[in-house]
Amino acid sequence: MASSPYYLTTPIYYVNDRPHIGHAYTTLACDVLARFHRLDDREVHFLTGTDEHGQKVEKSAILAGKDPQTFTDEVSQNFRNLAGDMNYSNDDFIRTTEERHNQAAQAIWRAIKDNGHIYLDSYAGWYSVRDEAFYAESELTKNEDGQKIAPTGAEVEWVEEPSYFFNLSKWEEPLLEFYEKNPDFIGPESRRNEVVSFVKGGLKDLSISRTSFKWGIPVPDDPDHIMYVWLDALTNYLTAVGYPDTKNPDYLKFWPADLHMVGKDIVRFHAVYWPAFLMAAGLPTPKRIYAHGWLLNKGEKMSKSLGNVLLPEDLVSKYGLDPVRYYLLREVPFGNDGYISHKTMVSRINSDLANDIGNLAQRSLSMIAKNCDGAVPTPGAFTESDEALLSSARNVIDTARNEFNRQAFHRGLEAIWAVVGDSNRYVDAQAPWELRKTDPDRMATVLYVLAETIRHLGILIQPIMPDAAAQLLNQLSVGVDARTFIHLGPGHALTAGAPLPKPAPVFPRYIDEEVPI
RNA sequence: GGGCCCGUAGUUCAGCUGGUUAGAACGGACCGCUCAUAACGGUUAUGUCGCAGGUUCGAAUCCUGCCGGGCCUACCA
């Protein structure tokens, strides 16, 4: 199998906020894909980072009594820390305030401009000084004096400022053709429909510079203008692979990106503006954008005002890191909005992890420890049931790969857990505790089949639960260099007689503190 | 206003290029087992497949309308 490079990105997160569960969710999905593809022997480049420019950041910095750079240094660090807390394996962490990014952003501007797609005009609209924002005519209401006011109640005035424009309106046809030729460019399907209908509805030229604030990347040759934050931000995906040096080995290897993972709120920027910018600059477009849904706290959108925002560090300290990673990707069909709650979390931890896979490993390994001299048992000839279980363990990678490749994590996990179910049924059917008395050789074979199945499960769950998987594989004395997907299958099966450490439970049950009467 | 998605067992969902008695998981009930983290296995669904029409030999699955939920987007004033 050809092992092609794989480049995937999270959005860069806006530094105006603390990392919450939504940020953790997006990056988690990418982390799982990154680990998955590495195990599939691909060279992976996994990028995340922070978006640090813009008027809001400038304003927040001033409020905090800091200069913008100091302010963003601090907030960006919170996002870096999240990577540690969640065991993310990103290969790079980009900040839009870095010099390499300044170079890239200016370079793409020049490329677009040189190709004739940028022009200078003036931007006009209803502007609220208090809100520092433009409002559409339709958003405005009038107060008793007949003065137009913003939805926030602030007074607005008609202002015009000089601005550079990107001729987005010219890209309507090329974009529609691009979507047509690349049916997998946007996932899931419902988002794709939205984007296509948005573009079909007509595109207006896009204002891509501002003169009203300073905290951003200056427009080349016209430093009174600051680049529009989205053009700035999106370009980070190029910066990280060495652009504008298109001879850079990373650029040659990794661009165009295989996947930009985004939340559903920023699909338009990634699925419309970004490919248009790239086409205008004469650069290749990414292969896929995937927009996932929101995690809802018991049905309510999390928001600061509702005070129901879940913080990743709180979940992790309460339930443990790997269980949280598993839960988030198993419970909610990726791409849909979904509810998360303590109740369903505990249910997943106890039934899927502790009862199903955890107990499977523990019951199997402790029988081996007690009855096989603490070593990999020596199997005899395999029966039909043995082969059936082994082949389900060996083949599930194909399903997992297909599902993960279309970001259907919950489906991939479901397929892996079907093997767990098969294994538990197999234990019951074979009843090795009976065989111990009647047919020890057969018992050894059954226990060997179980150990070998668990080896597969351990390898397969590494992307989702790296630590727990490692513990499982350690308990089978699987070498750290024998844990990739290449090692699935009979060719790398456990060696009979290899000594095994004393087994210990890997997935503890979660017991609620509050004891019901 | 236009568009997209959704409404299926107590719960979360699958099925939806139309075709035997509508499925899974979790929860509940009953039974079995005792290797194991009181875990595992088996059996168990009186579900109006949102409502009402229509097409068809036959619809959860296609069409129309309505009700309810979500999302994208436009505009009048």
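## Tour of the sheet and the RNA surface

Start with the open sheet, where 6 strands lie in the order E3-E2-E1-E14-E15-E9 with parallel pairing. Because strand E3 (92-95) and strand E9 (186-187) stand at the edges with a single partner strand each, one side of each has no neighbour in the sheet. Strands pair here if DSSP finds at least two bridges between them. Elements are DSSP runs numbered from the N terminus: helices are H or I of at least four residues, strands are E of at least two.

This is a predicted model, in which local features need pLDDT of at least 70 and side-chain atom pairs count only at pLDDT 80 or more, while totals for chains, interfaces and linings use all residues. Residues are numbered from 1 along each chain as its sequence is written, chains are lettered from A and ligands numbered from 1 in the order in which they are written, and side-chain values use heavy atoms, with hydrogens and water left out.

Select strand E2 (residues 44-51), which runs parallel to E3 and is joined to E3 by 4 bridges. Thr50 has Arg95 in E3 as its bridge partner.

**Confidence.** Colour chain A by pLDDT, the predictor's confidence in each residue from 0 to 100. The average for chain A is 90, and 92% of the residues score at least 70. In chain A the lowest mean, 64, is in strand E6 (residues 141-142), and the highest, 98, is in helix H8 (residues 236-239). For the complex, the predictor gives an ipTM of 0.90 and a pTM of 0.93.

**RNA strand B.** Show the residues near the strand, meaning those with a heavy atom within 4 Å of it. There are 27 around RNA strand B, and Arg268, Asn359, Arg363, Lys370 and Phe507 come nearest. Of the RNA strand B atoms within 4 Å of the protein, 73% belong to sugar or phosphate and the rest to bases.

Now zoom in on polar contacts, pairs of N or O atoms within 3.5 Å. An N or O atom in the side chain of Arg363 is 2.6 Å from a base nitrogen of RNA strand B. At Phe507, a polar backbone atom is 2.5 Å from a base nitrogen of RNA strand B. Finally, select H13, which gives the most to the surface near RNA strand B, with 11 residues.

Notes: Polar contact = N/O pair within 3.5 Å; in protein donor to acceptor, adjacent residues only side chain to side chain.
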